[in-house]
Amino acid sequence: MGLNTASVPNGGESCSQRVGTAHILKCGKKEMKLIMFGPPGSGKGTYASRLGSRLEIASVSTGDLFREAKKQGTELGRRVADFLNKGELVPDEITIEVLKERISRPDCKKGFILDGYPRTLEQAWALDKIARIDAIILLIVPEWIIIERLSNRRVCRSCGAIYNLKYLKPKREGVCDKCGGELYQREDDAPQVIKERLKIYERQTQPLIDFYKVKVPFVNAECNEIDMPPEVMVESIMQKLRKLNLI
Ligand SMILES: [Zn+2]
């Protein structure tokens, strides 16, 4: 796994000169604009939202943004909906517009943490024009943990609740605790498919890591235990951000 070994930049010491340029807000707090990268099944969404609350910044996931834009029914939202309804990817120029609108809202005043964006170098360049990123958080989770987690995942057909046969078992086998619906395994949670998804993630992410590692400090957050509680992971990220003098 490329991202788990030599190809990740080191913990940030070499980039610490950037700390001197950290943007201090009027309230005396440092502005904090972060990007979180992590493989599927790494718990990225969970960590991003917990870290967002700890840092009092907004956690912004492009998946949620699209769903929200669709609901709002604005001009931009309708354009997003057109692509989503056809099952097509939302083009970069529309995604960046949606993101630009999102990060101009009051809850992003102190900063934000992006989850799921950028995915391509083109998106990273576009982002570069609208925001200056302060640090990258790179989740490093061994393949076996991801496979163990995702292949034991079961989803409720009726309400979408998520279970794990080892770590978050339903009370009755195959039945949702919340609504009594049937639990099933998503096709892309089969081990062979997970391996393929991880390869795609690496292929997509390595160029982004190379792009950012010469620009901003990295916080490498390693998860080496399958049952590591999210708060432990978040605390370790907080400590590393402190060490880099970013908070
Ligand atoms: Zn259910």
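## Worked exercises on a predicted fold

Helix H4 passes helix H5 in a right-handed crossing (the near helix is turned clockwise from the far one by less than a right angle; the anticlockwise case is left-handed). This is a predicted model, in which local features need pLDDT of at least 70 and side-chain atom pairs count only at pLDDT 80 or more, while totals for chains, interfaces and linings use all residues. Residues are numbered from 1 along each chain as its sequence is written.

**Exercise 1.** Describe how H4 and H5 pack and which residues make the contact.

*Solution.* Start with the elements: H4 covers residues 92–103 and H5 covers residues 121–130. Helices (H or I, at least four residues) and strands (E, at least two) are DSSP runs, numbered from the N terminus.

Next, take the geometry. The two helices pack at an angle of about 35°, and their axes are 10 Å apart. Axes here are lines fitted to C-alpha atoms, for helices over the stretch in contact, with angles from 0 to 180 degrees between N-to-C directions.

Now list the residues. H4 brings Asp92, Thr95, Ile96 and Lys100, and these meet Glu122, Gln123, Ala126 and Ile130 of H5 (contact: C-beta atoms, placed from the backbone, within 7 Å). Sorted by class, the contact has 3 nonpolar, 2 polar and 3 charged residues. Ala, Val, Leu, Ile, Met, Phe, Trp, Tyr, Cys and Pro count as nonpolar, Asp, Glu, Lys and Arg as charged, and the others, Gly among them, as polar.

**Exercise 2.** Work out how strand S3 is covered and what it pairs with.

*Solution.* First look at burial: 5 of the 5 residues of S3 are buried. A residue is buried if 20 or more other C-beta atoms lie within 10 Å of its own, exposed if 12 or fewer, and partly exposed in between, with C-beta atoms placed from the backbone.

Finally, find the partners. Strand S1 (residues 32–37) pairs with S3 in the parallel sense over 5 bridges, and Ile35 has Leu114 as its bridge partner in S3. S2 also pairs with S3 in the parallel sense, over 4 bridges, with Ser61 opposite Asp115. Pairing requires that DSSP finds at least two bridges between two strands.

**Exercise 3.** Say which backbone features stand out at Pro118, Glu56 and Asn245, and place each residue.

*Solution.* Take Pro118 to begin: a cis peptide bond joins Tyr117 to Pro118, with omega about -5°. Pro118 sits in the loop between strand S3 (111–115) and H5.

Move on to Glu56, which has a positive phi of about 55° without being a glycine. Glu56 is in the loop between helix H1 (44–55) and strand S2 (58–61), and counts as exposed because it has 12 C-beta neighbours inside 10 Å.

Asn245, also not a glycine, has a positive phi of about 65°. Asn245 lies in the segment after helix H8 (230–243), and its 13 C-beta neighbours inside 10 Å are why it counts as partly exposed.

Definitions and conventions: Two residues are in contact if their C-beta atoms, placed from the backbone, lie within 7 Å.
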